[in-house]
Amino acid sequence: MLKKYLLIFLVSMIPIVELRGAVPIGTAAGLPWLNTLIVCMIGNMIPVPFIFLFARKILVWGSTKPVIGKFFTWCLEKGHKGGEKLKEKAGNGLFIALLLFVGIPLPGTGAWTGTLAASLLDMDFKKSSLAVMLGVLLAGIIMTVLSLLTKAGINTIF
């Protein structure tokens with residue numbers, strides 16, 4: 001049982017996959033949905049302060065290096081574009097926009113991208129962390145409901 005919790009905890013920390021992939025894994029593994037949600041949220045939130053405080057610096061540094069430069073430049077451009085789109089659409093509602101950007105489980109959104117965008121936009125650390133945390137909660141709830149509905153549907157069929 002502990003191995004299953006450790007697996008979903010670690011999967012929820014992986015960029016792109018994050019909690020969106022970890023919740024269905026935990027649900028499919030038969031873990032209680034509330035425990036799965038909590039473990040995945042904690043795992044998804046652990047990288048957030050590090051991303052906010054260090055990602056931009058590391059990406060700027062790495063963008064000039066020969067082997068990793070293209071990838072780091074791509075990450076900076078993606079984060080900047082995402083941040084600018086968010087800023088453009090949100091206006092004064094940047095907090096809510098960041099929360100929804102992180103919270104709606106679509107490819108390319110999530111805690112990693114949202115935090116990087118907040119960092120690149122020089123948003124306040126506390127406000128952006130709260131928006132990301134609430135977004136992770138929203139994404140977790142959505143993924144938990146979808147996972148439980150899918151599991152119930154599969155159990156009904158078979």
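Guide: Patches are made of residues with over 30% relative accessible area and no salt bridge; like charges are joined within 9 Å, and nonpolar side chains (Val, Leu, Ile, Met, Phe, Trp, Tyr) within 5 Å. This is a predicted model: local features need pLDDT of at least 70, side-chain atom pairs count only at pLDDT 80 or more, and totals for chains, interfaces and linings use all residues. Residues are numbered from 1 along each chain as its sequence is written, and side-chain values use heavy atoms, without hydrogens and water.

Visitor: What makes the nonpolar surface patch here?

Guide: Residues including Trp 33, Ile 46, Phe 50 and Leu 148 make a patch of about 1,100 Å². H4 gives the largest share, five residues.

Visitor: Where does Ile 46 lie?

Guide: In the loop between H3 and H4.

Visitor: Why is Ile 46 called partly exposed?

Guide: Buried means under 20% relative accessible area, exposed over 50%, and partly exposed in between (1.4 Å probe, protein chains only). Ile 46 has 35% relative accessibility, so Ile 46 counts as partly exposed.

Visitor: Is Phe 71 buried or exposed?

Guide: Exposed, because its relative accessible area is 51%. Trp 74, at 47%, counts as partly exposed.

Visitor: Why is the pair of Phe 71 and Trp 74 called stacked?

Guide: Rings of Phe, Tyr and Trp (its six-membered ring) pair if their centres lie within 6.5 Å; planes under 30 degrees apart count as stacked, over 60 as edge-to-face and the rest as tilted. Here the centres are 5.9 Å apart and the planes at 25 degrees, so the pair is stacked.

Visitor: Which residues form the aromatic cluster?

Guide: Phe 71, Phe 72 and Trp 74.

Terms used:
Areas by Shrake-Rupley, 256 points an atom, 1.4 Å probe, with all protein chains shown as cover. Salt bridge = Lys/Arg side-chain N within 4 Å of Asp/Glu carboxyl O. Helix = DSSP H or I, 4+ residues; strand = E, 2+ residues; numbered from the N terminus.
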